[in-house]
Structures are given as structure tokens and as C-alpha cells.
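Q: Could you walk me through this model? I'd like to start with the overall picture and then go into the packing.

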Amino acid sequence: MNFKKIWAIAKQNAYEGMYYKYDLLLYIFNFIVEITVYICIWMAIYNTNTDIQGITADKMTTYYILVIALNPILFWGINELVGDSIREGEIQRELLNPISYFNYYFGIRLGELIEAGVVSIITFCISSIIFGVTLPSSIINFILFIAMVGISVVSLYLFEVILGLMAFYSGTTWGVEMFKRAIINIFSGAIAPLTLFPEIFQKIASFLPFKDYLYTPINIYFGDINNFEIFQIFVKQGIWILILYLLAKLMFNKVIKHITINGG
């Protein structure tokens, strides 16, 4: 892996993304409004409850601030770019780049992550001032929270590549993007903490990697997961990264083979 080339692509993409400052401000404003709506709904529910499944009102407020603040890191992605490059024939030019296809798009995703990180941090800080926030249980837990988000980005990147390659067969990127948002929203805990869902749903979510994109790092932040469980989760994510990588490579090789045969 050529980190120098990847970083050069990342910096260029980040610069282009943050050039339009008013777009960033609108993103931040939109996320703060979204946080406000969620908190207002839950505070209305908490008017008749001291806690819900052991979750206090203050904890729920922090939960949704973190969910929405992490939103750009998780929901912005390269699956549409990959899909469009296949549909429009740009993939042939990209294959001639002096950097591998996977590294090229990882550089783009990393640059997008820098832009998303800026939006996330500002959103979190402003929301914390307005609504108040529960601090992480310890410095170690905060570091592990960041590490879990980081490894989730790698897993999510490979998932996005797979979804983008599916555009070769589906002929569209819109439907694939909607599928991505739906499955992550449902299984990551973005809609509501997973403890509020039926037990069978929680078991399915525990098997899939998506739970560890939001719900798990937030619970690490709160200190609700012990160190041994955290170690197991990191191992699980490592296994999922390997599975997703192998699946992405398999799909990529098939797509390239078809493009070569068809002369597209």
C-alpha cells in the first residue's frame, strides 16, 4: 500500500470538499436541527419515565448527539462514485492510474473523512453547548471509542466498494445508496438504541458488522462494555474486514473481466 500517494489523494479531496464553506455550514445546521428534533421527541417520552431500559434522559441526549455527529463519517461514502465510474466508463481510466484501484478510492474516502470529521467535531461541540453532554467514562474509553470508529470506517469503506460494484449489475446507484442507508440505520442503532429492539433483532445485529459502526462505539464511550468484550469486538471487526475485502476483490475481478470481454 502506497501511503504517500493515498495521502496525496486524500488531501486533494479534502481540500476540494472544504472549499465550499457555506455547504459545510449548511451541513452543520442541518445536523443540529436533526439533533434538536430527536431530543425533543425523546424528552416528551421521558416526561412520563425516569429511564427507558436503564437509559436516562441525559444519556439518551448524549446518545443522539453522538449518533448525528458521527453521521457524516458513516453516511458519506464512495459507493456512488464507484458505481458512477463503472456506469460511465471512467473505471478504464482509473485502472491506468499509478496506484491500485482500491488504494485510489481509499484515498478519496480518507479525504472525505477529513471533511466529515470537521463537520462532526463542530456539530458535537455546538450541540454539547446547547443541550449538554455526558462526558466519556474515562480517557481510555474515549481513545477506544475513537479507535472503534476508525476501524468501522475501514469496514464501511469495503462495504461501500461492494455496493458501488453492484452498480455494474443493477445499472443504478440510487437504489444501492438507499439500501446502504436503510441497512446501516436499522442495524447500527441510528434510529434508536438497539436495547429497545426485540431480542431476536439484537442477536442478528450482534452478528453483523453494522452494530459496531454506531451503537458499540457509543457504548464504549459510556463505559458500558468491559475490556474483554471490547477486545472481542475488535477481533470480530477484523474478521468482517477480511470477509468484506475478499468479497470486494472477488466482485472487482468479475466486473473487470466482464468489462474487458465486452470491450466497454
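This is a predicted model: local features need pLDDT of at least 70, side-chain atom pairs count only at pLDDT 80 or more; totals for chains, interfaces and linings use all residues.

Q: OK, how many helices and strands does the chain have?
A: The chain has 12 helices and two strands, where helices (H or I, at least four residues) and strands (E, at least two) are DSSP runs numbered from the N terminus. Starting from that terminus, the order of elements is α-α-β-β-α-α-α-α-α-α-α-α-α-α.

Q: And what is the radius of gyration?
A: The radius of gyration is 19 Å, close to the 18 Å that the globule rule gives for 264 residues, so the chain is as compact as a globular protein of that length. That radius is taken over C-alpha atoms, and the rule is 2.2 Å times the number of residues to the power 0.38. Along its principal axes the C-alpha trace spans about 65 × 45 × 35 Å.

Q: How much of the chain is buried?
A: Buried residues make up 46% of the 264 residues, with buried meaning under 20% relative accessible area, exposed over 50%, and partly exposed in between (1.4 Å probe, protein chains only).

Q: Switching to packing, at what angle do α2 and α3 meet?
A: Helix α2 (residues 21–46) and helix α3 (residues 57–75) pack at about 155°, with their axes 10 Å apart; axes are lines fitted to C-alpha atoms, for helices over the stretch in contact, and angles run from 0 to 180 degrees between N-to-C directions. The two helices are therefore roughly antiparallel to each other, given that angles under 35 degrees count as roughly parallel, over 145 as roughly antiparallel, 65 to 115 as roughly perpendicular and the rest as oblique.

Q: Which residues of α2 and α3 meet there?
A: On the α2 side they include Phe 31, Ile 35, Ile 39 and Trp 42, and on the α3 side they include Met 60, Thr 61, Ile 65 and Ile 68, with contact meaning heavy atoms within 4.5 Å. The residues of this contact divide into 13 nonpolar, two polar and one charged, where Ala, Val, Leu, Ile, Met, Phe, Trp, Tyr, Cys and Pro count as nonpolar, Asp, Glu, Lys and Arg as charged, and the others, Gly among them, as polar.

Q: What about α4 and α6, how do they cross?
A: The axes of helix α4 (residues 79–87) and α6 come within 10 Å and cross at roughly 135°, which makes α4 oblique to α6. Leu 81, Val 82 and Ser 85 in α4 meet Tyr 101, Tyr 105 and Ile 108 in α6, a contact with five nonpolar, one polar and no charged residues.

Q: Staying with α6, is Ser 127 buried or exposed?
A: Ser 127, which lies in helix α6 (residues 101–131), has 0% relative accessibility and counts as buried. Leaving aside neighbours within four places in sequence, Ser 127 is in contact with Ile 32, Ile 35, Ile 65 and Gly 132.

Q: And which residues does Phe 131 contact?
A: With neighbours within four places in sequence again left aside, Phe 131 is in contact with Ile 35, Thr 36, Ile 39, Thr 61 and Ile 65. Phe 131 is also found in α6, and at 29% relative accessibility counts as partly exposed.

Methods:
Residues are numbered from 1 along each chain as its sequence is written. Side-chain values use heavy atoms; hydrogens and water are left out.
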